[in-house]
Amino acid sequence: QVVCRGPTSGASHLALPPMAAFSRAALAAAALASGARACTIVAVGKDASASGYPMVSHTDDSGDGTTDIRLVRVPRKKWAAGSKRPLHKWVYGYPRVVVAERAPDYAPVDAQQESAAIGYIPQVNETYAYWDMDYGVQNEVGLSIGESTCTARTVGWPATADRPYGYNRAGIEDLSKIALERCATARCAVQLMGDVAVEQGFYSADSGEPSNPDFSDSAEALVIADTEELWIFNVLTGANNASAIWAAQRVPAGHVAAVGNAFSIRKMNLSDSENFLYSPGVTTLAEAQKWWSPLEDLPGFFDFFGAYGYTPEATGADPAAAEMLKETLAFYSGRRMWRVFSLLSPAEGAKLNPNKGNLPHTVDPYPGSVPAPKASVTAQMVMEVLRDHYEGTPYDLTVGMAAGPFGTPNRGPPPPRGAARRNRGAPMTLCGRGARRPSREATASKHNPL
């Protein structure tokens, strides 16, 4: 989905923007949107955008399963005093949730049962209408969101009846929807989502099990746009499988941003509230676990991805497999970032090494965003990026033996161990079974669920 920002109509706080144009774009791109696991965000600041308004786009991968592809309109609503807003464990596949109160399209059909709530927060008096899929898309005043699952050094599980070890009640699905229900600006959205995550506890839909935690999928990133600003939001579970740690960074208006399944917030100026927001005690867990020390940065600065991003350790029963996973994660994220920047800002992309990778402790890492020429990026260009498979580069997925006689960029199951050192490219558009996250089976790590 490519969401192009535009002006709202009228002066009312709940005035409707020109939603028809977005509806056509979203419906045309609905085939790109599915479940989580392998997602790419491409975002454009207002000064780099040809329209003069920010853009957010998002490809989404349903992993090994199917997905609920419905584009649902959640209506604007007024709520009685004292109402509660339920939190749910959203699921892959149809139906993603069954809650008649949320929207007519989420009402039960046939023998479906209403989804049980796993938590509640106080409801507000009135909520905006918005377009919804697995994650919230865009609300009636133009706030827009894209999503990408990330790696982290903590994991957290939902407080569902079948998970006695789960203590958390807010997943990224509900966080994105709550933001669209209540906020008109990106700054409001990141602060609200962060506050709810800290209070209710954040969980990832892909954290594995306590006996085999999945650090490769245990955190989330969102890019949020209003009619003026873009913000990047990174969130992971806090200490002791509870609460949350989060950070948000404002993207310069003349930049393009890329997120490819890894945090992209690096050096934070903790005293610059115009450009950085974060959870209370954002450095505390990193210092306690010796993942980061104030001596590593200038006073008042903090490397969020360096502290909380996940790097597999080549130790344990199968160090070779762990090393392969490490290299795969590096290029799985970094190669996509390089390609986005190269296509939308060629002069800046040419400065980057496509073989560098993107891990928490990569030396001189990729930036989370780069400058682009003023008014140079169109919605069509963003869509072309989302369709890209590295054509014309050494990493072209449409050529070679693996592409077969018809030049398909899609790949089947991973090859037997030892058949290849690593897959050096990942398609920008990841749908269904076309691409997979690297396996975590042989990863031996000293990280723990905390």
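Helix H2 passes helix H3 in a right-handed crossing. Keep in mind that this is a predicted model.

**H2 against H3**
- H2 covers residues 172-182 and H3 covers residues 186-200; their axes sit 9 Å apart, at an angle of about 130°.
- On the H2 side, the contact uses Leu-175, Ser-176, Ile-178, Ala-179 and Arg-182.
- H3 answers with Cys-188, Ala-189, Leu-192, Met-193, Val-196 and Ala-197.
- Sort the residues of this contact and you get nine nonpolar, one polar and one charged.

**The buried side of H8**
- H8 runs over residues 379-386, and its buried residues include Val-382, Met-383, Val-385 and Leu-386.
- These four are on the same side of H8, because they cover an arc of only 155° around the axis.
- As a reminder, an α-helix has 3.6 residues a turn, so residues three or four places apart point the same way.

**Loop residues worth a look**
- There's a cis peptide bond from Tyr-94 to Pro-95, with omega near -10°.
- Pro-95 belongs to the loop between strands E6 (84-88) and E7 (117-122).
- Lys-290 isn't a glycine, yet its phi is positive, near 60°; the residue lies in the loop between helix H4 (284-288) and strand E20 (301-303).
- Lys-290 counts as exposed, at 74% relative accessibility.
- Asp-364 is another non-glycine with a positive phi, about 50°, in the loop between helix H7 (346-349) and strand E21 (369-371).
- Asp-364 is exposed, with a relative accessible area of 62%.

How values were computed. Residues are numbered from 1 along each chain as its sequence is written. This is a predicted model: local features need pLDDT of at least 70, side-chain atom pairs count only at pLDDT 80 or more; totals for chains, interfaces and linings use all residues. Side-chain values use heavy atoms; hydrogens and water are left out. Axes are lines fitted to C-alpha atoms, for helices over the stretch in contact, and angles run from 0 to 180 degrees between N-to-C directions. Helices (H or I, at least four residues) and strands (E, at least two) are DSSP runs, numbered from the N terminus. A crossing is left-handed if the near helix is turned anticlockwise from the far one by less than a right angle, and right-handed if clockwise. Contact means heavy atoms within 4.5 Å. Ala, Val, Leu, Ile, Met, Phe, Trp, Tyr, Cys and Pro count as nonpolar, Asp, Glu, Lys and Arg as charged, and the others, Gly among them, as polar. Buried means under 20% relative accessible area, exposed over 50%, partly exposed in between (1.4 Å probe, protein chains only). The arc is that of the directions from the helix axis to the C-beta atoms.
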